[in-house]
Amino acid sequence: MTEHNYNPQALEENAQQYWLEQNSFAVRQDDTREKFYCLAMFPYPSGQLHMGHVRNYTIADVIARYQRMQGKNVLQPMGWDAFGLPAENAAIKHNVPPAQWTAQNIDDMRAQLRRLGFAYDWDRELATCDPDYYRWEQWFFTRLFEKGLAYKKKAEVNWCETDQTVLANEQVVDGCCWRCDNPVERREIDQWFIRITDYAEQLLTDLDQLDQWPEQVRTMQRNWIGRSEGVELDFDCNGESLTVYTTRPDTLMGATYMAVAPQHPIARQAAAGDPVLASFIESIANVKVAEAHMATMEKLGMDTGLTATHPLTGEPIPIWIANFVLMSYGSGAVMCVPAHDDRDHAFASKYQLPIVQVVDKPGCNYDAGVWQDWYAEKSSKTRTINSGEFNGRHFEEAFNGIADKLQEVGKGKRTVNYRLRDWGVSRQRYWGAPIPIINCDACGTVPVPESDLPVVLPTNVAFEGVGSPIKSMPEFYETECPACGGAATRETDTFDTFMESSWYYARYGCAQNDKAMLDAEADYWTPVDQYVGGIEHAILHLLYSRFYHKLLRDEGLVSSDEPFTRLLTQGMVLKDGAKMSKSKGNTVDPQSLIDRYGADTVRLFSMFAAPPEQSLEWSDAGVEGANRFLKRLWKLGATHIGAGAAPALDIVKLSDQQKAVRRKLHETIAKVSDDYGRRQTFNTAIAAVMELCNELGRLGSEDNDRAIMDEALRGIVLMLSPIVPHICHTLWRALGESSDILGQQWPAVDESALSRDSIELVIQVKGKVRGKVSVSADADDATIQQAALAQDNVSRFVEELGDYAMKIVPGKLVSIFPRKK
RNA sequence: GCGAGUGUGGUGGAAUUGGUAUACACAUCAGACUUAAAAUCUGACGGCUUAACGGCUAUGCGGGUUCAAGUCCCGCCACUCGCACCA
C-alpha cells in the first residue's frame with residue numbers, strides 16, 4: 001500500500017472491477033455446502049434509488065456477505081417489480097410508453113446498485129414485465145382456474161364517471177377523483193378472484209412454524225386472517241331467509257334490528273317502491289372502497305319498513321339499510337345487538353332504536369344511555385338476562401345453549417369464519433400481465449391454452465385518455481375461442497401486481513429456464529433463508545407470497561410449506577422526523593453522497609445510524625462522521641503496514657495492558673459475531689469495532705504491541721467487510737493476503753484471551769449505587785461482603801439502615817437493603 | 001375506527017435474561033498544530049448542587065410490583081406503519 005490517504009472513488013472502482021472480472025457473486029447448486037438464500041424485496045423501478053432502497057439492500061448485502069464467511073453457498077439475486085401504476089402516470093404525463101419508461105428506469109437503477117457494490121448474482125436478474133416472466137404466471141393462473149381455485153364474481157371498485165375509469169384507493173382524494181376532482185362512486189363489476197380463504201386455516205396454523213419472524217408480523221397476520229367461531233343463522237323475511245353470521249349468539253335475545261348493505265336484494269326490493277329509500281341508497285354509494293374510510297365515516301341508515309322474524313322468539317325485527325355494511329363481506333347483512341356491541345350501540349342511539357340488555361355483570365351498573373367496555377365482555381363473569389330459558393348463563397354456556405337450540409330448530413349452524421377475503425386479482429389497467437382468459441358467447445370463460453401463452457401485452461401504445469389502451473385495441477382483444485373456434489374476446493383486465501411479487505423469489509432459482517415455471521434448482525434454493533424488506537409489507541405482500549408458495553407446493557413445484565424462513569422488517573428512513581418524499585421536499589439523493597464520500601461511507605452510515613427494525617433519522621453530519629471513521633481505519637492500517645511486517649505474538653511475555661487490549665479484541669469478536677448472526681443489530685457491531693479501534697491507540701511499538709495490532713487489524717477488516725466491502729477488500733490485500741476476503745472464514749474467538757483475574761462489582765444501598773469494588777474473580781461471598789462494607793461511602797449509608805440484608809448477584813453487584821420487619 | 005409498533009441528553013442511538021442509565025457517534029465548547037483557515041489530534045459534555053469528595057434528580061405522563069424498573073403490570077398522551085386497487 002503506497003497510498004497514505006483514503007481514496008474511496010479509486011479504491012471502490014478497483015474492487016468492483018475485480019468482482020466483475022472474477023464473477024465473484026454468481027452461484028450454482030452445490031450439494032457439498034449448506035445453501036443460504038438471502039433476499040431483499042425487489043424494487044419498483046421508479047428511476048431513482050432512494051435511501052430506503054440503500055438501507056434495505058445494504059442490510060441484505062451485509063447478511064449475505066456474512067453468511068458467505070460462514071462457509072455457505074450464498075445466493076443473493078436482484079430484479080424488478082416492473083408493472084404498476086406509476087408507469088401509466090408517467091405515460092400520460094410525459095407521453096412515453098410505459099415499457100420504454102420502465103426499461104430506462106431499470107437501466108438507471110441497475111447502474112446505481114452496481115455502484116453500491118452489492119454482491120448480486122446478476123445472471124439471475126428478472127423483470128416482471130418481461131413476457132418470459134409473466135407467461136408462467138399466466139400458465140399458473142390457468143392451472144388454478146382448472147382446479148377451481150380461480151373464479152369470477154362481482155365486486156365493487158371506485159368509479160369515476162367523468163373519466164370513465166376505475167380508480168385505485170390512492171387516486172381517490174377526499175372522495176373525489178385526483179384527476180378531474182369529481183366525486184367517486186362505488187360500482188360493481190365482474191372480477192377474478194383466487195380462493196385464498198380455502199387456505200386460511202393453513203396460513204394461520206403455519207404461522208407457528210415461522211419462529212424466525214418478528215412476533216409483531218405474525219400477530220398482524222393472525223389478526224388479518226381473523227379466524228372466529230360463531231353461528232350462521234337465518235331470520236325469516238317474507239318467506240325468504242336472511243342469513244347473518246355472528247360471533248355472539250349468546251346475545252341473540254338482544255337483537256333489536258337488522259342492517260343490510262345498500263346493494264342487498266332486500267334493500268333493492270324495498271327501494272323499488274320507495275323513492276325516498278332509493279335516493280338514500282344513491283346518496284350513500286358515494287363512498288371510497290377502503291376499510292379505514294368505512295370505519296371512520298359517519299354511520300348512516302334508513303328503515304326499510306320491512307321486518308325479519310327472530311328465529312327463537314318469533315318477534316318482528318326492523319330491517320335497516322346501513323352504509324357500513326358491505327355486500328362483499330359475508331352475506332351483506334348483520335344482526336344488531338346495541339346493548340352489547342359499541343358500533344350497534346352508537347347507531348341505535350342515533351336513530352332511537354331499542355336497546356335491550358341481555359348480559360349482566362355482578363358489580364357493574366348498566367346504563368343503556370352510556371356505552372361502557374364491559375357491555376361487550378365475553379367471559380365467565382357475566383350472566384345472561386332477559387333471555388328466557390337461557391338466563392343466568394356465562395358466555396360459553398349461553399353461546400352453546402343458543403347455538404344448540406338454533407341447530408335443533410333448523411335455524412342455524414355453528415361455523416368457523418375468517419375476516420380474510422378472497423384475493424381479487426383483476427385490475428382494469430394497462431400496465432400489468434394480461435389475464436389469460438377468453439370470453440366466448442358459446443363456451444363461457446375459457447383459459448388460454450398453454451401452447452398460446454404468453455398472452456403478450458402490446459407495448460407500442462399511446463395513452464390518449466386515462467383508460468387502458470388495450471381496452472380499445474381490437475387487434476388485441478379480438479380472437480378465436482380455443483374451445484369452439486368461434487369469434488371471442490380476450491380479457492382486457494390485467495393482474496394485480498401482487499401476483500408477480502408473490503413468486504419472484506422462487507423464480508430467481510431458475511430465472512433462465514424457458515421450459516418450466518420452476519425446476520429442481522428453484523426447489524434447491526427455496527425457501528429463502530433470510531428475507532429483508534419494509535415493515536409496510538407485513539401483511540399483504542407477505543401473506544400473498546405465503547399463499548402462493550402453498551399453491552406452488554400443491555402444484556408440485558416446490559417442496560417446502562413456507563417461502564421465507566427468517567424475516568427482517570426494516571424501518572423507514574426519515575428526514576426531520578418525517579418520511580422522505582418528493583412532495584415534502586426532504587429527500588436525500590444517495591447518488592450525490594456516493595459521489596462525494598464513496599459507497600462504503602453511505603453503507604456504513606445507513607447501518608450505524610439505527611438498528612435495522614427501527615426507523616432511521618437521516619443526518620448529513622452523521623454521514624460525515626462515518627466517513628471520518630473510514631479515514632481513521634485506513635490510516636491505522638496504512639501506518640501499521642508502512643512499518644513493515646509484524647512479529648509473531650509472544651503470549652508469555654504479554655504485559656497487563658497488552659493482555660487487556662487483546663481481551664478487548666476477542667470480546668469484540670464475540671460481540672460482533674452475536675450482533676451479526678443472532679441479533680442482527682449492525683449498529684452495535686459497528687460501535688463495538690469503533691471502541692476497539694479507540695483502544696488500539698494505546699498500543700506502543702514493541703514487538704507484542706505490533707503483533708496485537710496485526711491480529712486486531714485482520715479481525716477488524718474481516719468483521720467490517722460485509723458492511724464496507726471495498727475498503728476491506730483493499731486493506732486485506734495490503735495486509736499481505738493473496739486470497740480473496742470474500743470467502744475468508746469469519747474470525748474466531750480465542751477463549752483464553754477472555755479470562756480475567758479480577759472483576760468489578762457495583763455496590764447498591766437501598767437501590768442506589770454507592771460504590772464499586774474490585775475483587776478477584778473467584779472471591780467468595782464473605783470476602784465480597786467485607787470488601788463492600790469496607791468502603792466509606794457504603795458504610796455511611798449502611799449505618800442509616802439499622803438491621804440490613806444483603807444480596808450478591810454473581811459477577812454484577814452487591815445489593816444492601818433494610819431487612820423486612 | 002380497528003390491528004401492530006415506537007417514545008431515553010442539544011441530535012442519532014446503547015443498555016441482549018429485571019442488575020452501574022446515557023456505550024458508540026453527531027453537534028457544541030476548550031486546548032494543541034498552523035501566519036491563518038480547513039483537516040487532524042487531545043479534553044469537556046443530561047439537569048440542579050458542591051471548593052472538592054459527594055448529594056439530589058432524570059428514560060413521553062400517572063400509578064403499581066420488586067432489594068433493584070428504560071426493561072414487568074395497569075391507566076393515559078403523542079407519533080409511525082397497515083387496513084385488501086400505491087408498491
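Reader: Let's start with W374: is it buried or exposed?

Author: Keep in mind that this is a predicted model. A residue counts as buried when its relative accessible area is under 20%. W374 has a relative accessible area of 9%, so under that cut-off W374 is buried.

Reader: How many aromatic pairs does the structure hold?

Author: Rings of Phe, Tyr and Trp pair if their centres lie within 6.5 Å. Going by that rule, the count of aromatic pairs in the structure is 43.

Reader: Of those, take the rings of Y366 and W374: what sort of pair is that?

Author: The ring centres of Y366 and W374 are 6.1 Å apart, and their planes are at 80 degrees. Planes over 60 degrees apart count as edge-to-face. With 80 degrees between the planes, then, the pair of Y366 and W374 is edge-to-face.

Reader: And what do you call the aromatic pair of Y366 and Y375?

Author: Here the rings of Y366 and Y375 sit 4.3 Å centre to centre, with 35 degrees between the planes. Stacked needs under 30 degrees and edge-to-face needs over 60, with the rest left as tilted. The 35 degrees of Y366 and Y375 falls in that remainder, so the pair is tilted.

Reader: What is the relative accessible area of Y375?

Author: Y375, the partner of Y366 in that tilted pair, is buried. Its relative accessible area is 0%.

Reader: The charged end of K153 sits over which ring?

Author: For a charge to sit over a ring, NZ of Lys has to be within 6 Å of the ring centre. The charged end of K153 is 4.6 Å from the centre of its ring. That ring belongs to F193.

Reader: Moving on to helices, how many residues of α24 are buried?

Author: Helix α24 covers residues 725-734 and is mostly covered. Among its buried residues are P725, I727, L731 and W732. The covering comes from elements that include α1, α2 and α23. Out of ten residues in α24, the number buried is eight.

Reader: Just after α24, which residue takes a positive phi?

Author: Helix α24 ends at residue 734, and the residue in question follows just after α24. Its phi is about 100 degrees, and the residue is G736.

Reader: α19 and α22 pack at an angle of about how many degrees?

Author: Two packed helices are described by the angle between their axes and the distance between the axes. For α19 and α22, the axes are 7 Å apart and the angle is about 110 degrees. That makes α19 roughly perpendicular to α22, since the angle is about 110 degrees.

Reader: The residues of that contact of α19 with α22 divide into how many nonpolar, polar and charged?

Author: From α19 the contact uses L604, M607 and F608, while α22 brings F682, N683, I686, A687 and M690. Leu, Met, Phe, Ile and Ala count as nonpolar. The contact of α19 with α22 therefore divides into seven nonpolar, one polar and no charged.

Reader: K664 is a lysine, so is it buried or exposed?

Author: K664 lies in helix α21 and touches E691, L692 and E695, leaving out residues up to four places away in sequence. Its relative accessible area is 19%, and the cut-off for buried is under 20%. So K664 counts as buried.

Reader: What is the phi of Q680, which is not a glycine?

Author: Most residues other than glycine have a negative phi. Q680 is in the loop between α21 and α22, and it is buried, at 9% relative accessible area. Q680 has a positive phi of about 55 degrees.

Reader: Last one: which residue does a cis peptide bond join to T526?

Author: Most peptide bonds are trans. The cis bond from T526 has an omega of about -5 degrees. Its other residue lies in the loop between α16 and β26, and that residue is P527.

Key. Residues are numbered from 1 along each chain as its sequence is written. Chains are lettered from A and ligands numbered from 1 in the order in which they are written. This is a predicted model: local features need pLDDT of at least 70, side-chain atom pairs count only at pLDDT 80 or more; totals for chains, interfaces and linings use all residues. Side-chain values use heavy atoms; hydrogens and water are left out. Buried means under 20% relative accessible area, exposed over 50%, partly exposed in between (1.4 Å probe, protein chains only). Helices (H or I, at least four residues) and strands (E, at least two) are DSSP runs, numbered from the N terminus. Contact means heavy atoms within 4.5 Å. Rings of Phe, Tyr and Trp (its six-membered ring) pair if their centres lie within 6.5 Å; planes under 30 degrees apart count as stacked, over 60 as edge-to-face and the rest as tilted. A charge sits over a ring if NZ of Lys or CZ of Arg is within 6 Å of the ring centre and within 35 degrees of the ring normal. Axes are lines fitted to C-alpha atoms, for helices over the stretch in contact, and angles run from 0 to 180 degrees between N-to-C directions. Angles under 35 degrees count as roughly parallel, over 145 as roughly antiparallel, 65 to 115 as roughly perpendicular and the rest as oblique.
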